[in-house]
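Student: Could you show me how to read the features of a structure that I have not seen before?
Tutor: Gladly; let us look at it together and take the features in turn.

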Amino acid sequence: MKMPESLSIVLPAKNEAANLPVFLPKLLELYPQAEILLVDDGSSDDTAAIAGNAGVRVVRHPYCMGNGASIKTGARQAKGEILVFMDADGQHDPQDIAQLLAKLHEGYDMAVGARNARSHASWFRRVANKFYNKLASLMTGHRIEDLTSGFRAARADKFRKFLYLLPNGFSYPTTSTMAFFRSGFPVAYVPIHAGKRSGKSHIRLLHDGLRFFIIILRIGVLFSPMRLFLPISASIFSLGMGYYAYTYLTEARFTNMSAVLFLSAIVTFLIGIVSEQISSLHYKNIE
């Protein structure tokens with residue numbers, strides 16, 4: 001396989017001492033010339049020592065700062081022109097990296113490993129991820145096949161443009177995917193099967209699920225506000241029209257509630273217009 005000019009593989013890790021002895025040799029065998037950078041997010045076990053003994057470059061956080069913070073640290077410290085992000089728990093198969101890199105060579109700026117339905121641990125996660133994918137697709141105007149997959153490859157110069165947007169928690173895939181789409185950077189999806197991790201996942205379904213929902217709205221509004229404000233404004237206006245029609249037919253009058261609904265629709269629309277102008281400032285320094 002033809003290697004890119006420079007490749008960095010970033011591994012965010014927390015207490016993965018049990019998985020690294022199996023995972024790292026596979027990665028090192030496939031990509032001996034790549035920079036492999038493990039970001040130890042305040043582990044309390046021998047994660048850093050095992051990675052260091054294997055010949056992997058290690059950057060340590062003094063305390064647990066979050067998965068997203070590890071990604072940002074890795075992106076800042078990595079030297080490669082292409083960055084590959086993958087979990088260090090063994091869920092992601094190193095052999096799938098070649099498919100992601102092939103998409104970048106085709107002209108894409110980011111390639112994401114899209115997990116099949118069987119890769120999710122429970123039906124609740126399958127349903128939740130399907131809902132998030134649909135919502136994010138609506139907000140960005142592009143089909144998103146796996147919004148929360150942490151297995152991806154991206155061009156370093158493009159990815160670093162959005163580090164200031166990335167949260168410190170587990171939703172960096174959500175933010176980076178939507179930011180790439182809304183900025184006009186092409187994104188490709190590669191079907192993969194993610195294995196089951198050993199040990200307990202650090203993601204809390206309800207807490208982090210609500211955070212994903214908020215981040216989808218926040219990033220969507222940041223890059224395309226009218227996709228949120230216009231439907232809300234239209235819905236309020238339609239409600240006002242319906243209520244006015246009802247009161248006109250039954251009481252032959254225009255009520256205060258109808259006026260409030262019409263004014264709310266107008267104000268919401270104007271807020272969307274102003275937000276659209278403000279969001280255009282984010283494109284100013286993209287290139």
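The dialogue below goes through helices, a surface patch and salt bridges.

Tutor: Please keep in mind from the start that this is a predicted model.

Student: How many residues does helix H9 have, and what span does it reach?

Tutor: A helix can be read by setting its span beside the expected one, which is 1.5 Å times one less than its number of residues. Helix H9, residues 226-251, has 26 residues and reaches 36 Å from its first C-alpha to its last, close to the expected 38 Å. Its buried residues are Met226, Phe229, Ser233, Gly240 and Thr247, and just after H9 comes alanine 252, which takes a positive phi of about 55°.

Student: Which residues does UniProt list for "transmembrane region"?

Tutor: An unreviewed UniProt entry lists residues 229-246 and 258-275 under that name, and such annotations may be inferred rather than shown by experiment. In the model, the chain over residues 229-246 is 100% helix, with its end C-alpha atoms 26 Å apart; over residues 258-275 the chain is likewise 100% helix, and the end C-alpha atoms are 26 Å apart.

Student: Which residues make the nonpolar surface patch?

Tutor: Leu230, Leu263, Ile266, Phe269, Leu270 and Ile273 make a patch of about 530 Å², and helix H10, residues 256-279, gives the most to it, with five residues. Isoleucine 273 is found in helix H10, and its relative accessibility of 36% is why it counts as partly exposed.

Student: How many salt bridges are there, and how should I read one of them?

Tutor: A salt bridge is read from a side-chain nitrogen of Lys or Arg within 4 Å of a carboxyl oxygen of Asp or Glu, and by this rule the count comes to eight. In one of them, aspartate 40 pairs with arginine 60, the closest N and O atoms being 3.1 Å apart. Aspartate 40 lies in strand E2 and arginine 60 in strand E3, so the pair ties together parts that are 20 residues apart in sequence.

Student: Is aspartate 40 buried or exposed, and is arginine 60 buried or exposed?

Tutor: Aspartate 40 is buried, with a relative accessible area of 1%, whereas arginine 60, at 52% relative accessibility, counts as exposed.

Definitions and conventions. Residues are numbered from 1 along each chain as its sequence is written. This is a predicted model: local features need pLDDT of at least 70, side-chain atom pairs count only at pLDDT 80 or more; totals for chains, interfaces and linings use all residues. Side-chain values use heavy atoms; hydrogens and water are left out. Helices (H or I, at least four residues) and strands (E, at least two) are DSSP runs, numbered from the N terminus. Buried means under 20% relative accessible area, exposed over 50%, partly exposed in between (1.4 Å probe, protein chains only). Patches are made of residues with over 30% relative accessible area and no salt bridge: like charges are joined within 9 Å, nonpolar side chains (Val, Leu, Ile, Met, Phe, Trp, Tyr) within 5 Å. Accessible areas come from the Shrake-Rupley method with a 1.4 Å probe; for residues, only the protein chains shown count as cover.
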